[in-house]
Amino acid sequence: MMQRKMRGRGVAASWYGIARTATVDRAGAWAELDDGGTAKVVTGVTEIGEGILTVLAQIAAEETGVRPEDVTIGDNDTARSPEAAHAGATRQTYMIGNSVALACREAREKLFTEIAAHWDVEAATLVAFDGVLRAEGTNLAMSMAEAVDICKKRGVVPVGSGHFTSHGTGLDPVDGSGRPWQAYVFGTQVAEVEVDTVTGEVQVLGIWAAHDIGRVINPRGVEGQIEGGVVQGLGQALMEDYQTVNGHTTTHGFAKYILPTSLDVPEITSVLVEDPDPLSPLGAKGIGEPALVPTAPAIMNAIHDAIGVRIKSLPASPEKVLAALAEEEARQDGAVAAE
Amino acid sequence: MPEIDLSLQVNGRKVTRRADPGQRLLDFLRDELNLTGTKEGCGAGECGTCSVFVDGKLVKSCLMPAAKADGAVIETVEGLAKPGTLEVIQRAFHKTGASQCGYCIPGMVMAATSVLREAPEASLDEIKERMGGNICRCTGYSKIIEAVELARDVVSGKATPAALEEDGPGESYIGTNVRRLDAPSKVTGRLKYAGDMVMPDMLHMAVLRSPHAHAEILSIDTSEAEAMEGVACVITSEDVPGTDGFGVFVHDQPIMARGKVRHVGEAVAAVAAETETLARLAARKIKVEYRELPGLFSPEDALKDGAPVIHDYAPDNLVKHIPIRKGDVDKGFAEADLIIEDEFSTQQVEHAYLEPEAGLAYVDADDVVTVISPSQNITHHRHMLSEIIAKPINKVRFIMSPVGGGFGGKEDMIYQGMLALAAMKTFRPVRLVFTREESIIASAKRHPSKVRYRMGLKSDGRITAIKFEMLSDGGAYGMSSEGVMRKAAILSCGPYEVDNIQVDTRAVYTNNTPSGAFRTFGGMQAQFATESMVDIAAERLGLDPFEIRRRNMMRAGSLTHTQQRLDSASIDRVLEAAERASNWEAGAVGMRGPERGDLNGPGTRAPCTLGARFERPAGGKEKVA
């Protein structure tokens, strides 16, 4: 006997490739250790919301020894910055992050060479972090502002450039064989739902999202990407539906095209799994797109667990859920009648 | 209508202006006072990006005539904190990482401020209810809600202001929650998106769009529009000096319709004029004669013999077919103890980024044609525009403005070409801002898909063979369809090592709204089918859903569906992590019923119920009507 409100859980796994598909992907960046112990990074990137500017500032800070807030990132401008190609394909951290890391390493090397000569120590003993440069095994230390000043007075502007390549190959036109990506990520999500068997409404109450993202640069940023992906996946699973009649849309605006709001959001528990990428300097991979992949199937599998029907056509609107329940009931009645 | 005198107080300062009485408060704030922190997301009161306080009440300024605000006290996001400082709620947004693209954020900050003012002790449920009128497409709301709770606790003294400070870096900046560097400009409304930008002498563009799904264009008469006072130019495909055509994979789409229209909402002509209103009026004066053609509205129809042809280069209406073959599927199915077959479908989905498309183009002193827009791919747009306007590539410059949400929907160059042409024709800056309705009919969607699936398994759950066929509606233009089909095919059979595979994905042309790039690029549609099939198989075989996935998962050394040898596969670890975090109760797939220990535990929220969820203050009356 079914109660009015039924709960259930479902799981779905997923995989995804990082950066552009079945092609050689590339990105470039310039870096300069600048006056006042700051850093300047120029690359073809602008924030689309994923947090890339902060991620790049963290990477530049880590690689050069300045603080993230002392990093300036130039605008994405085809006439002023090196190509980093497009903002998509879960490639920003992987492609541009690694380019920035390599450019910063080159700039740092120039600075370290000069400071090592200035202090008369081996360059390999130098460590810079959080605005301070030290020579390990000695008491020698100076601020990054001083270090840049000394470097420039010795006649060297500490600049660097870098590029990163991801070696994908095209697919064979007949059997599709090929190496579309060099880095892969995997994910698994569990959904818990409550289905109202009278109204057909499905509420998602919990999502547990475990994703491999390689090395994590900014944990909160990763969580934000997972939460956003899950809620887009939830929208597609339960309510979003762009409709046309003979090519004319009947969902012109947000009054007709229904989107998830704060009231639809489940509690989301993100688990970050780190399987670092061995082919890149940072080891980071990506999360933007993969976060969304398992959400809808996990929800559909949870609906099945709750009420015993499978929704195979998205979205699982209340109408479809009720129709599926009625069909299942008729099937069971038929089975009883046949006995 | 005659102009009227408006006198009001905005952010503590007296403001007096002559204004058009039909103007919305939103336009008055943005255009007259340049307070562009108040954004337009939908123009219909649905999204909340334009929220401001009017006499202390949270109001959607797109629904309020400016004339109605005469004498009122207005507070916008710019007025919440002194310039250069942040209010507690703004600091909380900064701390929790509540802003992503940032376009909804001024409205969210206003709604959150309203919560703190009207219900300073609001519960989690009340916060969600009070924030329910504001749409965010990036964050999944979680960190926004966390920020409101944090600010509530700091204001009420339950948490100390130190809770708003940044965590230290420890020994490394990698792996640290550095606060988003762009957040202060987003939570204060300071960041300028393309639609917020103005240039001296700037013209405004309006676009005439097709009312037909498939029609031949017999003639376009722009004379009346061109003769109107204040109109600087009208452009059509005739104005394209080079080789017209853009697209992410195949350049099958003209800047404006050329000879025929292929979907409702396709750009046919555009006007640049002194004001946006004038540009829209002039666009309506353009006369287009059409001869309607039979349309194609389903992908199955598009593949039928004798179907209307939408693009001459593709007489079979096929955009792309991607095949993948591995092993021997006949042998695999012959070995199977169980064969299941099913069909799955997914719908067309709108990106619904809160920032509608917008751009600004000009020709600079070096004759460089420059386009500023929230394009996700300025590198490729530069290549394509240089061909279209027949200029060397160094005379074409694209600047990527802050993107108010993209998700793939801003990879297509659907309006930048028109802006460039108008700027070249007038040598004046030209700006175009889409309405929400324009954004919805003219931009690409997630591919709707149908999948026919056949899976063979051994009784222990091992998959022996998969036959997977996907048919997707690409709509009127190719856009990213080729790449979406490729990614769908590569990822189709999921994170499992399967020896025998036959996969075919196809996208076809129809006269529906085009489909294009959308977060996961086909991966979601394909894996929805696979993950449903794996669950059905587990049900039939009496296996736990984690267990059946483990029996098939890829491992280091596995051969993928495209026969790539993997050095590492973390699927074992993510399965285990999800199983552990969710406290999964093992059991075969089926309707497992409520007598279980795993439901309604930690990590779940309470379901929403009907009726107001606001708490009644002690002795007071409920605040919500």
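Student: Which residue stands opposite B:A361 in strand 15 of chain B?

Tutor: B:V371 does. Keep in mind that this is a predicted model.

Student: What makes strand 17 of chain B another partner of strand 14?

Tutor: Same test! Four bridges join strand 14 of chain B to strand 17 (residues 430-433) of chain B, and the two run antiparallel. B:G359 is the residue opposite B:L432 in strand 17 of chain B.

Student: Why is strand 14 of chain B called mostly covered?

Tutor: Strand 14 of chain B runs over residues 358-363, and five of its six residues are buried.

Student: Okay, but what makes a residue buried? Why does B:L29 get that label?

Tutor: The cut-off is 20 or more other C-beta atoms within 10 Å. B:L29 has 25 C-beta neighbours inside 10 Å, so B:L29 counts as buried.

Student: Where does B:L29 sit, and which residues does B:L29 touch?

Tutor: B:L29 belongs to helix 1 (residues 25-32) of chain B. Leaving out residues up to four places away in sequence, B:L29 touches B:L35, B:T38, B:V52, B:S61 and B:T76.

Student: How far is B:L29 from B:V371, in sequence and in space?

Tutor: They are 342 residues apart in sequence, and C-alpha to C-alpha they are 26 Å apart in space.

Student: How many residues of chain B and chain A are in contact?

Tutor: It's 124 residues of chain B with 116 residues of chain A. On the chain B side, that makes 56 nonpolar, 42 polar and 26 charged residues.

Student: What makes strand 9 and strand 11 of chain B edge strands?

Tutor: Three strands of chain B form an open sheet in the order 9-7-11, with antiparallel pairing. Strand 9 (260-261) and strand 11 (287-292) of chain B each pair on one side only, which is what the name edge strand stands for here. Strand 7 (residues 215-221) of chain B is joined to strand 9 of chain B by two bridges, just meeting the cut-off of at least two. B:A215 stands opposite B:V261 in that pairing.

Student: Why is chain A called more spread out than a compact globule?

Tutor: Set the two values side by side. The globule rule gives 20 Å for 339 residues, but the radius of gyration of chain A is 26 Å, well over that, so chain A is more spread out than a compact globule. As for its extent, the C-alpha trace of chain A spans about 95 × 45 × 40 Å along its principal axes.

Student: What share of the residues in chain A is buried?

Tutor: Buried residues make up 63% of the 339. Also, among contacts in chain A with a separation of 6 or more, 75% are between residues 24 or more positions apart.

Student: Which domains is chain A divided into, and how many residues are in contact between them?

Tutor: Domain 1 of chain A takes in 5-17 + 181-338, and domain 2 of chain A covers 24-166. Their centres are 39 Å apart, taken over C-alpha atoms. Across the contact, 17 residues of domain 1 of chain A meet 16 residues of domain 2 of chain A. Helix 4 (residues 219-238) of chain A gives the most to the domain 1 side, with three residues.

Terms used. Residues are numbered from 1 along each chain as its sequence is written. Chains are lettered from A and ligands numbered from 1 in the order in which they are written. This is a predicted model: local features need pLDDT of at least 70, side-chain atom pairs count only at pLDDT 80 or more; totals for chains, interfaces and linings use all residues. Two residues are in contact if their C-beta atoms, placed from the backbone, lie within 7 Å. Ala, Val, Leu, Ile, Met, Phe, Trp, Tyr, Cys and Pro count as nonpolar, Asp, Glu, Lys and Arg as charged, and the others, Gly among them, as polar. A residue is buried if 20 or more other C-beta atoms lie within 10 Å of its own, exposed if 12 or fewer, and partly exposed in between; C-beta atoms are placed from the backbone. The radius of gyration is taken over C-alpha atoms; the globule rule is 2.2 Å times the number of residues to the power 0.38. Domain bounds come from an automatic or database domain assignment.
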